[in-house]
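Could you walk me through this structure while I have it open in my viewer? I am new to this, so please tell me what to select at each stop and what I will find there.

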Amino acid sequence: MHDTAAPPRYPTAVDAWFVILMVLGLGAALAQAVVVFPTSPSAAFLSITIVVLVAGAVGTFSYPCEYVLEADHLLVRAGLARWRIPYHAITGIAPSRSLWSSPALSLKRVRIDHGRRFILVSPKDRAGFITALQARVLAAHLPAAH
């Protein structure tokens, strides 16, 4: 019999400052387009094009942003990007507030060390995620029963 239960999914936390920064930045560019349109429609068009491209890039590389505890690996999804980290390769899990670029929309993060690398994630339920991930990592490091 196969286990048909969906793997646990942890959506990213989103910091309000991040949303405000994006809205203000894009809003300022749109306001600039409106102001310059009467004297320079081409500059207004350029501003609108930049807003569309930036909004598209942010959406493409950040939505959806979630962390899925698959049977044998952690799947990190951030827009079109995917990282698959086998549980047996994980050597450390710790809370973090690092500013490094990562598939995380909050500074309340979790650092996951694997091999010589690390990844930072920001699940809404940080404590629950850490507990569930630690259990899977521990199980992956236990010797197989015969």
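Let's begin with a helix. Select H3 and show its side chains: its buried residues pack against strands S1, S2, S3, S5 (90-96), S6 (109-114) and S7 (117-121). Keep in mind that this is a predicted model.

**Stop 1: the helix itself**

Which residues of H3 are buried? Colour Arg-126, Phe-129, Ile-130, Ala-132, Leu-133 and Val-137, and you have them. Now look along the helix from end to end. H3 has 16 residues, and from its first C-alpha to its last it reaches 22 Å, close to the 22 Å expected at 1.5 Å a residue.

**Stop 2: the sheet**

Next, select strands S1 to S4. They make an open sheet of four strands in the order S1-S2-S3-S4, and the pairing is antiparallel. S1 (9-11) and S4 (81-86) stand at the edges with a single partner strand each, so one side of each has no neighbour in the sheet. Turn the view and you can follow the twist, which averages 15° from one strand to the next. In general, strands of a sheet pair through backbone hydrogen bonds, either parallel or antiparallel.

**Stop 3: from S1 to S2**

Zoom in on S1 and S2 (residues 65-69). These two run antiparallel and are joined by three bridges. Click on Arg-9, and its bridge partner in S2 is Val-68. Click on Pro-11, and opposite it in S2 stands Glu-66. Bring H3 (residues 126-141) back into view here: this helix packs on the sheet, touching S1, S2 and S3 (73-78), and its direction makes about 35° with that of S2.

**Stop 4: along S2**

Stay with S2 and display its side chains. Cys-65, Tyr-67 and Leu-69 point one way, while Glu-66 and Val-68 point the other way. Are these residues buried or exposed? All of them are buried. With five of its five residues buried, S2 is largely enclosed by the rest of the structure.

Now step across to S3. S2 and S3 form a hairpin with three residues between them, and five bridges join these antiparallel strands.

The peptide bond from Tyr-63 to Pro-64 is cis, with omega near -5°.

**Stop 5**

In soluble globular proteins, nonpolar side chains tend to be buried together. Here, select Tyr-67, Leu-69, Leu-74, Ile-90, Ile-112, Phe-129 and Leu-133: of the 22 residues in the largest nonpolar core, these touch the most other members. S2, S3, S5, S6, S7 and H3 each supply at least two residues of this core. Which element gives the largest share? That is H3, with five residues.

**Stop 6: aromatic rings**

For the last stop, show the aromatic rings. The count comes to three aromatic pairs. Trp-17 and Phe-18 form an edge-to-face pair, 6.1 Å centre to centre with 90° between the planes. Trp-17 counts as partly exposed at 45% relative accessibility, and Phe-18 also counts as partly exposed, at 23%. Finally, select Tyr-10, Tyr-67 and Phe-129, which ring pairs link into a cluster.

Key: Residues numbered from 1 in each chain as written. Predicted model: local features only at pLDDT ≥ 70, side-chain atom pairs only at ≥ 80, totals over all residues. Heavy atoms only, no water. Pairing = 2+ DSSP bridges. Axes fitted to C-alpha atoms, helices over the stretch in contact; angles between N-to-C directions. Contact = heavy atoms within 4.5 Å. Expected span 1.5 Å × (residues − 1). Buried < 20%, exposed > 50% of the residue type's maximum accessible area, 1.4 Å probe, protein only. Core = buried A, V, L, I, M, F, W, Y, C linked by side-chain atoms within 4.5 Å. Phe/Tyr/Trp six-rings, centres within 6.5 Å; stacked < 30°, edge-to-face > 60°.
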